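Hello,

Here is the structure for your files. My notes on it follow below.

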Amino acid sequence: MASKNKRKKEEYPDSDSESSTESNSPKVTKLPAATLEVLAGEFRATTGQIKTVLRLLKQEEMTVPFIARYRKELTGNLTDVQLRTLEERLEYMLELESRKLAIVKTLKKEGNLSAEMKKRIENTFKKIDLEDIYLPFKPKRKGTKSKLASEAGLEPLARKLLSIHPKTRALALTIAKDFLRENRLDSKVTQEASEYRKDHQLALEGSIALIIDIIAEDPGLTRRDPREFKPGIVKSETNKKPKPSGKKSSKAGEKQAEAKRGADLYRDYFYREESIRRIASHQLMAILRGQNEGFLTCQLATRTRGPTKTSAKRKFEELGRQKHSDDMVAIKNAEEYPKRIMRHLQIHYDRHFMKDIVNQTWSTKMAKRIETEIMKELKAQAEEKAIQVFASNLRDILLSPPAGRKPTIGLDPGFRTGVKVAVIDDTGALLHHSVIYPHPPQAKWDEAREALRRLCVEYDVGLIAIGNGTASRETSLLVQELLDSFDDRQSSKKRPEKPTKVVVSEAGASVYSASPLAVKEFPDLDVTIRGAISIGRRLQDPLAELVKIDPKSLGVGQYQHDINPGKLGKSLTCTVEDCVNLVGVILNTASAELLTYVSGLGEKVATEIVKYRDTHGPFSNRKELLEVPRLGKKTFQQCAGFLRIPPNPQSPNEAQREPLDSTGIHPEAYHIARKILKKLKVKDIESIKPSMLRSLDPNEFVDPDSDSGVITVQDIIAELEKPGRDPRSAFVVAEMNPDVRDIHDLKGGMTLEGTVSNVTQFGAFVDIGIHENGLIHTSHMNNHSLRTGQVCEVRVENIDPARKRIDGCVTQMPIAL
């Protein structure tokens, strides 16, 4: 199998793979004007904007969060999302430009670089098209028939046959015989290659192999028009010869269970046809996963069908023609393509010998290559969509509203092992931990309730976070019983209200609790207690806690295990960075893990900041960051605006604090902020009233000697109106129906409140307080746009207990936006 893949890679170059010239590709940091114009058209921007962003990213090495927030005038106010997309396209184009230079250098060295060829290369803006141009000049694999024929000096014979178009094989043999008689063998030819010169039959076979390569590599034919093949169909069927699962088992029961699992998962894709133009990304990803697991087979209807077919297959294809008559054009194209090749080569259709060579070229090389490229393109598009969905969900869950800095009880539910309890203070520090056993087999319900009551009173608890795993619903009933019987007079004078109960997703909590980070923070605690701590912290501040967990463990992805891990990891890291820098970080309380994602810092500098803080105490002002090892002026420029130092009356260094350090205003713009304060005749930002700021003219404060313009001044004014404001929305809790404990309690038409737990391309999953999440299909969203973490009202439509599926529709706009 390895050799087969290797051969396929060599014959049909992959745009993402390295070739012999790519290893010597020079590093490029600038793009030609033509490429800049292409990107400007894609982003509906000016070439100046594209050129500026390229300079800021590659030459000045600025981060996207910094550029998006503090260089708006230079970029034309491009958002962080636009800049991320542009950054990705710039990387692609820079790699392409580097590859172009390497190919030009190679062709020039070999004497194959003409002015026309160089112009074609310069005007190419896709990697795959560039590789098509280079394909005829790419070194061939040793030992192939065409390679040996070339070494034997048969290329002139192949060119001659291709030019005179012999009608029959007999005529071609005569031409080959004459060629051998008139041309002598080069003495340097290897023994294996010389065999093609000894016999005119072998000489003709070698020439045919060369002709096939020449046709397959013809630039006029390798330049694909996607419209010719896009009207095809993707067909999925049950795999009649399923591949083994990899587990050695002789038990028939296990095999039946595996087959049933496949039937349950992929029944929607047994004998299914989807248009290439209309197939949704999640459908293609499901089909490909089913194929990888051995339950499905998948093919494209773009190749010529053989003459023998079973009646079932004919019936199935006839059904496909009735359903997708326009989509079956691809089959016609597949049959017509050899005719197109002959027209391109100006070969008359009655030249049967040449017609056979063209058909062989199409069936053995071109059809396979085109199918491979179409499927690769479809898969890449599906992966890109899946990555976008994952990143969007991750952004929503990271920007979930924080419940606030209050003493919190974190509960990690369980039956036999008990409910793990962790009490943390308003900063997330552990105060107490224990285990209660309210559920069977111990069933110490009353004892567990009273234990929680004592903890609520003793530690002045304001929040109770319950993990949504096993025994979550039962534990939630225990806490609700506690709250219903809670005597307000028993709570402290400081916090007379009852604690707020919230069911929290515990996705990734077990990953964190067993991680080196958790072990370092709580070396003497059991992993289950660490999990309860994480559950409590993620309710207080989701962003600060979830950055410690691998995003892929948070359960908000779509076919994440089938996606290129490199692309997925990069996208998710960028999403975390954007979220952290959007919210901002409290410098004197942030963990090293949270600081790592701040613009310009990274793991090593973040660790140094924490070490400095532990040694010298809290930072007094932002300028003190310059005393941290490894943190120079360039890093300070990138990170300072995202690090906040809010007022702290208990700090002995409070007098040294710069009030503007608590805002998102960058230190390089402090002089503008002070100019505004002077205009308002106030001494500090706490004295500013919104009405005072609304009367200001931003143009009056523009600094002509800096990169700051009107947009920057407007941002400063907005920041002064609400200093250090949190962009996350207000915290809202879904009110679960206490009568619904499992799927059997549901009834059609029932209206419930729930929290969106995941969003996919085909719909959204809503947590309604039981083990199974309800699915709101896109067709049932009633024009509402749902996001992960939102609270909404849904109506139950269909219930399938056997498959554990619940379908519903949205009846009310999301409560939490």
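**Helix packing, a buried loop residue and ring pairs**

The axes of helix α2 (residues 33-43) and helix α3 (residues 47-59) come within 8 Å and cross at roughly 105°. That makes α2 roughly perpendicular to α3 (65 to 115 degrees). Axes are lines fitted to C-alpha atoms over the stretch in contact, with angles from 0 to 180 degrees between N-to-C directions. Helices are DSSP runs of H or I, at least four residues; strands are runs of E, at least two. On α2, the contact (heavy atoms within 4.5 Å) uses L36, E37, L39 and A40. On α3, T47, I50 and K51 take part.

This is a predicted model: local features need pLDDT of at least 70, side-chain atom pairs need 80 or more, and totals for chains, interfaces and linings use all residues. Residues are numbered from 1 along each chain as its sequence is written, and side-chain values use heavy atoms, without hydrogens and water.

Next, the loop between β13 (774-777) and β14 (791-800). Q790 lies there. Q790 is buried at 3% relative accessible area (buried is under 20%, exposed over 50%, partly exposed in between; 1.4 Å probe, protein chains only). The Q790 side chain reaches the backbone nitrogen of R787 at 2.6 Å.

Last, the rings. The count is four aromatic pairs (centres within 6.5 Å; stacked under 30 degrees, edge-to-face over 60, the rest tilted). Y612 and F619 are stacked, with centres 5.3 Å apart and planes at 25°. Y612 is buried at 7%, and F619 is buried at 3%. F762 and F765 pair edge-to-face, at 6.1 Å and 90°. F765 is partly exposed, at 25%. Ring pairs also link F66, Y70 and F642 into a cluster.

Best wishes

How values were computed
Parallel < 35°, antiparallel > 145°, perpendicular 65-115°, else oblique. Polar contact = N/O pair within 3.5 Å; in protein donor to acceptor, adjacent residues only side chain to side chain. Phe/Tyr/Trp six-rings, centres within 6.5 Å; stacked < 30°, edge-to-face > 60°.
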